[in-house]
Every structure is written in structure tokens, then in C-alpha cells.
Amino acid sequence: MNAFIAAAFSRNRAVMLLLALILVAGSLAYSTIPKEAAPEIDIPVFNIMVSYPGISTEDSSRLLVEPLERQLQSIDGLDKLTAQAGEGFALLQLEFEPGFDKEKALRDVQDETEKAEQDLPEDANSPVIQEIDLSLFPIITVALSGDIPERDLISLARDLEDKLETVNGVLEVDMSGDREDLLELLIDPLAMQSYGLSLSEVSRAVTHNNQLVTAGAIDTGAGRISVSIPGTIESLTDVRKMPVKTTPDHVVRVRDVAEVRRTYKDPVSYARIDRQPSIALDVKKLNDANVIEVVERVKEKVASEQEQWPTTVNIAYMQNQAEDVKQLLGDLENNVILAVVLVTLTIILALGLKASLLVALAIPGAFLGGILTLYLLGITLNIVVLFALILTIGMLVDGAIVVVELAQRLRSEGEKALTAYLRASQRMAWPIVASTMTTLAVFVPLLFWPGMAGQFMFYLPTTVVITLLMSLFMALIFVPVVGSLIGGKPAKAKKSATKEDSDKRSHQLICYMVDKPLLALLVSVLGLLVAFFMYSKLGHGVNFFPDVEPDRVQVQLQADGNLSVEEADQLVQLVEQQVMPIDGIERIYARTIGSVEERLRANLDPDIIGTVQVDLLDWRQRQPAAVIIERIRVAASEVAGLGISVEKQQSGPAASRPVTIEVSADDRDLLPAAVNKVQELMEDSGNFRDISNDVASDRPQIRIDVDREKAARYNVDVAALGTLVRLLTDGVLVGTYLPESAPEHVDIRVRYPWSERSITRLANLRVPTQRGLMPIENFVELSANLAPTIIKRIDARNVQTIQSGLADGVTVNEATQQLKQQLSQADLPSGVSIDFTGELEDQKEAMDFLLLAFVLAVFLMLLVLLLQLNSFFQSALVLSAIVFSLAGVLLGLILRQEPFSVVMSGIGVMALAGIVVNNNIVLIDAYNEYRQDGENALEAARKAAIQRFRPVLLTAITTIVGLLPMVMGLTIDFFARDIFFGAPSGQYWIQLSTALVGGLLVATCVTLLLTPAMLAWHGKRWGS
């Protein structure tokens, strides 16, 4: 190590060039690195959709879901398999472990689905596998609305969709809120009967005359002539003129028995922005594209297209990630600047201007070198990376402070600049390396954090490890080399009377504690016990992740009963009217979802008829979101007949709502009663709010039982009857065609007019037989009954789920523990099991890992300490400072009125462990040096504590000062010249910063008072 440092000093010009390269390349990397608000969470998720028109919910579960489950549930890496069977379809979602190989998962899903397909009914459509890429969520939603005809609005939206997909950096654009085109043949039953036509004849006429015929070519010997037979439908006129039946006197055409019209498929959903019908375009970007630049280009394209539109068309931008990125990263960048300024001022006060600027050089050097490395590794700049930089500001200068402080002392003793900085760097090399390695020992295990929380926080240890390694080179190579070059006159210590008096009192206190080690130990232990006792009485409990002020709120509307999409939309509009006048709301986006299948695709419960998304004004222009949410809840509850659930925007790695309870049983009929019982207990406790469950109400159905023997006498089978019945529902598909105005092929369907589509008409349907048209009532029996809407299974178990939020001031642990006690005494049906998942499961997973990571980190630190100090006692003494620093963590959380966050406070404790040991290593290293020089234990401990008092205090203060604005929630906008408290971007990190600052305050006292006292005690008792 000493030879390497000496070689760097002998080639100082190359070192300076390398430093300049790091600064320039790092600056360029910072300006070009892709930026995003939240880090990318890589969880392989796949949906498998199987449709089988007309199949009942029970048959869908038995014939579609179960064969697929048997094949899929054994796939390697599968974390959760959720299956939902409904009328006409089955939907399975496979969620793999975070970080699992996505390509392998997709191959396995495809292979196992192909095997299961052999066991599915022959008439079922082939399973469709869709990958849900969580990293490809829309970066912005462009919503078109206005008082213009629906067809015109859809046409404008489709044209804009094509234009936006050509924008540089855009991957794809998805449209929602529009309806698919349809060519409808509305047949006249009386005309059909009078002409003696059947449905099959009309269908056959359309199908056979809508063929793409490849006739080939004729070789004439003198050339080759191609032959074409135009046979596809190109317009409505082609369909109207199409012959269905011919007689010697007359030709019956399609127009004689049916009305042919271009329309849209029946609506299954409605969408509105501020009560105006709308169509939304979700824009997704390429992985390596800069979100801010892509959004700007999208807005420019929209603005240029809007100039050609009617003035009644409005454009609204929703879920704009660019604004989120600018605000969050802007606030954190200001915090970085503020932290650098405060740390630099602190160093100036302690070391003087010249030395402080030298130490401060370590900050941009390590920062820009770290960002350059992140850029080369393909990591984006997000809020976690920026906070990691804030976290390391104080640590980056620790090594530089120790080296520069020793070099200044050597200069004051008459050494030349080159010699002083070389000796200081070589003398402190191993202590600084050991200190850095102990800090890295804490953060390296965090790289292997599993689950969604691990995916979210992965960037923090990665950034810390990279920047700390860069700071090591800055402290031992770049800073001392620059110091040796700028030289100057030897520094002369100048102390004011006040400072001398303060130092004298500090030294007296140190000497007093060194003389009384038992008192020092007793005070430390007592402080730790008092802190735990106070937190048990005054603390705010434990939560999983910090509660961050949201930008938007979603109101979910639940209704029982068999509502049509129009009836559901009327209820959604009533809620819009109630919510619209509330202050603090910028925009309302409402959706009515009439299809159970679409609700499940949107991860909604089957009884959710619609959602109202409320975008809030900027947090400084409105009241707190909690106040607005309560007003929304009260206003929406005034609409009778609806269940209201208000959910705020999720922050961080929270996987679901705070409370999720899974109720399972082998007998599915036991589940509704058990769910109702659990929900009653939750409502009575007062700890939960917005309670909802996914037990769907049974819906009425008409059952057509066919007497196959009687039907056979008329030569009628079930397939022919099913085709006839579809005339009353969604129609019979007879082909497709591609008009110029449509983006894709349009279905051609035959169905009855609206006036004929009724239950009465169903009973009077006539089917063609050998004896003519015969009423179906001759061989079928119609009956009305109730059928389940959805059958849900999780990991091959019948499951129903209850979800809820929490009342104000209640933590997940408190609420669930009380509920578990009540459930143990409740009279639940036998065979019913209850599992608590959601945030509680995530919290347990995170706590288990952090505990394991902490134990591993302690062993790694102990190994490094033994290599450096070669003493079990001194190594244990260093590690004991971690335990005592917990008192500061708890007291800080009490003063800040914050709960202990499993994720953030847990990381804070681990980061604190790495920081705390550094100062102890430097102090014990000085103690050992004095002992080697022949000093007795008591005198060596005193001198080491006094000599290292200033660097230990300074390294602690720089870290504390760098994090203090985050603890206070303070943001100074240097560009807009503004100061404010409580920015949402800082709320993520308050608990972590508080844990570090509180712990460091206590740990510094332990380092300067308890550590030398115990060193003296051990030295006197056991000798050298």
C-alpha cells in the first residue's frame, strides 16, 4: 500500500490528469444519464387468458383453470399463481420471485401452457400469454376529450396514436376508452321467415363471398399473366348486394332480410375527464430513453397536431412522469447542493479555508466518479441513487479529513508539503482502508435483499459502495497529491479564547471518564435502557415504509346486483358530481367498467363498477392529502347503494394495501360466511377503514336445458341451438373485412335488432328443421337461477380476499395483532383458514432479511477489525458502539414523532453500524501507537482521545450536518430561490436520516468517552 501511494506521488502529473478526466467525464455522464422518479422493479409477471364463449363459471373453473394449474404450479421460481374463472373465460396470473430470469420464466410458462392445452376442451380458444412488464408503465397519458361526435373523437385519437409512435424514444402507444369497429347485419325475423331463410344460409352467403382467392398465373409461352379473383368485402355496398337465395323469378339479397350498418361494438366501459367523454393514449418509452426528453417531444407532437383539430377538442396530460422526475430529482439535487455547502462550511470552521477546500475536493471527485460508474453500468438516476449520494456526503470526507488533519499537524511541525502529505497518507492508509471496508461490510449484504423492497432499495447499497470506493482513492491518492502540489506556508494553529476554553473542558471530561471507566459504562448502559423504555411508551410503533404525501387518489366504487353498464355509469356520474366541488382537486378522470373480465384485467374486484381518479394540485397549493381524502370519502358516501374505497397513490415498494387477508377453504361454499364474519370483526374494531372483499354477488342467469332425444327427432343439435341464441346476445361472427378507415380487420356479425333482443324473444326462438321453422320450446326447458360471477383460486386453493386501509394513527402490527386475538375466539366454520398477507407479509420478509444481513455485516466487520487490530477485546469494543448508538436512533424517532420503518429505519441502523466503527478504529489505532511508544494504558487512552477529538468530532459533524436538512424536511431551491419544508421527495428519507443523525450523536459521545475509558481499563487490567 505504501509503495503504491509513493508511486502515485512520484507521478503526480498523471494523477492530476486522471482526476481531471474523472471530473469531466463524470459531469458529462450526469448530464446524459437516464433519469426516472422511482427505480425500476423487475418482477416477472405473466397473464394467461383462455376464452370459451358461453362456458359457465363452474365449468370454466373445472375445465379451464384446473388443467392449467396442474401444469403451471410446479414451474421453477413461481412465487404466486392466481386463477380466476368467469363466464366465458379463465384468467391466470403468474408472479415470479423478484429478479428471476424473465426469459427463462417466459419459456417455462409457454412450455407448460402448451402441455396443458391438450387437456382443455376442443372448442376453447388457444391460451394467450401476455407479459406484464412493470418497467414499461406509461410515462405520460394523453387524454382527448370534447363535445364532438364519438366517431370523430376516435378518428382523431387513432391518427394521433400513429403519429406518437413515430416520436424518437417512444416504444409504443396504447389506446383506451375507444370502441372496436363492427359491421352489423341486423336481420329481420319476419323477412327471414317469409323468404324461408335460415341463419346458416345468410352466414354461408357472407362467408363464401368474402374469400381471398389466390388464382395463380398462366404461362402463355410468350409471357406470364397473373389471374386475380377479387373476392373480399371492401365496402357496405358489397355486403348489401350479396345474394343469399335465388329463384327463377327473384334474387334474395342481404339487404332484403337485414339492415347492414357500420357501427361499434356494444359499450362495456365509459371514460370521462372532468365529466367530458375522453379517450386516453398511454405512451411508453424505450428502456434507455430519457423520460424528460421523450415527454417533451410527445408534447411538441401533440401541440402540432392539435392546431389542425376543432377548437372543442381538449387535451389533458395525466400521470406525467417527467413532472414527477423533475420535482423529485430537483428537490433531491437541491438537498445534495445544500448538504455539500453545509459540510464544506463545517470543515472551513474546523480546519480553515485552504484545508477545507482540499477536503471538499473529495466530494465532487467521489460523486462524479460514482455517477460515471453508474452510467457505465446502465443504472438510471433516481430518487434512491440521489439519496444514497446525500447519505455518503459526510462519509466521503471522513478519510480526507483524517489525512489532511494529520498533514496539517506535520506541516506545523516543520515538514515540507510533499513529505507531510505523503507521510499522512501512508500513516493513515490502513486505518482508512479498514474503516471503509467495515462500512462496505454493512452495505454489501444489502445488495442481495430479496422481494420488492430489495428491488426498490438495491440502488442504495450499489451507489454507496461505488462512491465509498471512489472516496478511498480520493482520500489516499488524489487529495494528498493535490495538497502536496499547492504547498504553501506551514499552517499555524490559531485558537480563540472561547475555542481554547471549549477544548479544555472537553479534554477535562475525557480525562475524567478515562479515570472512571465503570461510570462511563454505567451511563452508556443506562442511556440505552432509558431509550428503549421511552420508545415503548412514547414511540409511534413500527411500519413497513414511510407514508409519503400523494399526488393522486383513486376512488373505487363497489355495487352489488346485476347492473348494466349504463346503470353503473349513472352511479359513477353521481360520484363525480359529489367530488368535483372539493377544493384542492386539479382534475377528475372517471371510468365505468361494465365487464367482469375487464375489471379483473385491471386488478380490480369483480364488483367494482368504476373508478374515479382524482389528481391533486401541487402539495404547496392545497391542504394535506389526508384532509382532502376524508372529504372525498364523505362526499362519495352520500351516493346510496355504493361501497366506497379511497386509495391514495402507493409509494415505494409497498406491494398492496396495508392489510390483506386471505380466507381459504376446500369447500368454496364456506367462504362467503367466513369473509362476512372477519369483515364484521374488522368494522367493530375501529382500526380499519375502506374495507372491501372480492366475494362477487351471484348473478342471475337463464339456463337452457336441452332434451337431446327430442332435439334429435327434429335433427337439431346443441351447437345449432347455441348459434341461434347468440343472435340475441353479441351476435354470430361470419367473417372480417378491412376498410380504409379502420386500423385493423373489422368483425362482421349477424344479430337481431335491439327491439328483438329480449328474454321473451328467447322463449319464442324458432330453429330450422326438416319440418320447417320450429319453436325451441318443443325440446328445451328454460329456467332462471343464480350462478357465481367469479371463482378465485390462489396456488390451487379456493380463496377470497379482504383488503383495507388503516385508521389514522394505527399501525399494521397493532391492528392485525388485535384482529388475530379476536379471530382466535370467533366461531368460524371448520375447514376455513386465514392468512395475513399484503404489507404484513412484506414487513416480515424485510425484517427477516435485515436481521440476517445485520448479523452477516457484524461478522464481516469483526473479521476486518481483527485483521486491523488483532484484538478480540478492541474489536468487540468497536462493535459495542453500534449497540449503544441504538439509543440515539430511538430518541431521534421519538423527537421527530416518526414510527420505526422496517425498510428505512432498518437501513439506517445498518448504515449507522458502518459509520460508527470508523471513528473507533481511528481512535484505537492512535491508542495502539502510543502503547507501542511505551506509554501506559491510562496515558495512552487520554492522549489518543485528545489527539483524535477534533477529527472524530469533525467526521461525525459532517455526516450529521449533511443529513440534517433531510431530518427537518428542509429544501432550499437554489435555482428558484425558495425555501420550504415538507416536500414529498424528502418524506421518503426522514426516518432513515433521523436514525443516522440520532445514532451518530450518541455514538460520537460513546467513541470519545466510553471507548478510551474501556481501553484504559483493559490496559490496566491485562497489560499490553
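Are F46 and F96 buried or exposed? Both F46 and F96 are buried (buried means under 20% relative accessible area, exposed over 50%, partly exposed in between, with a 1.4 Å probe and protein chains only).

Some ground rules before you click on. This is a predicted model, where local features need pLDDT of at least 70 and side-chain atom pairs count only at pLDDT 80 or more, while totals for chains, interfaces and linings use all residues. Residues are numbered from 1 along each chain as its sequence is written, and side-chain values use heavy atoms, leaving out hydrogens and water.

**Stop one: aromatic pairs.** Rings of Phe, Tyr and Trp (its six-membered ring) pair if their centres lie within 6.5 Å; planes under 30 degrees apart count as stacked, over 60 as edge-to-face and the rest as tilted. That rule gives 7 aromatic pairs. Keep F46 and F96 selected: their ring centres are 5.8 Å apart and their planes at 90°, so this pair is edge-to-face. It links distant parts of the chain, with F46 in strand β1 (residues 45-51) and F96 in strand β3 (residues 89-96), 50 residues apart.

Now pick W619 and F980. Their ring centres lie 5.8 Å apart with planes at 65°, so they too are edge-to-face. W619 is in the loop between β19 (608-616) and α24 (625-637), F980 is in strand β34 (residues 978-981), and 361 residues separate them. W619 is buried at 15% relative accessible area, and F980 is buried at 9%.

**Stop two: charges over rings.** Select R761 and Y752: the charged end of R761 sits over the ring of Y752, 5.1 Å from its centre (NZ of Lys or CZ of Arg within 6 Å of the ring centre and within 35 degrees of the ring normal).

**Stop three: a strand.** Show β22 (residues 688-693). Here 5 of the 6 residues are buried, so the strand is largely enclosed by the rest of the structure. It runs antiparallel to strand β30 (residues 797-806), joined by 4 bridges (strands pair if DSSP finds at least two bridges between them). Look for F688, which stands opposite L806 in β30.

Methods:
Helix = DSSP H or I, 4+ residues; strand = E, 2+ residues; numbered from the N terminus.
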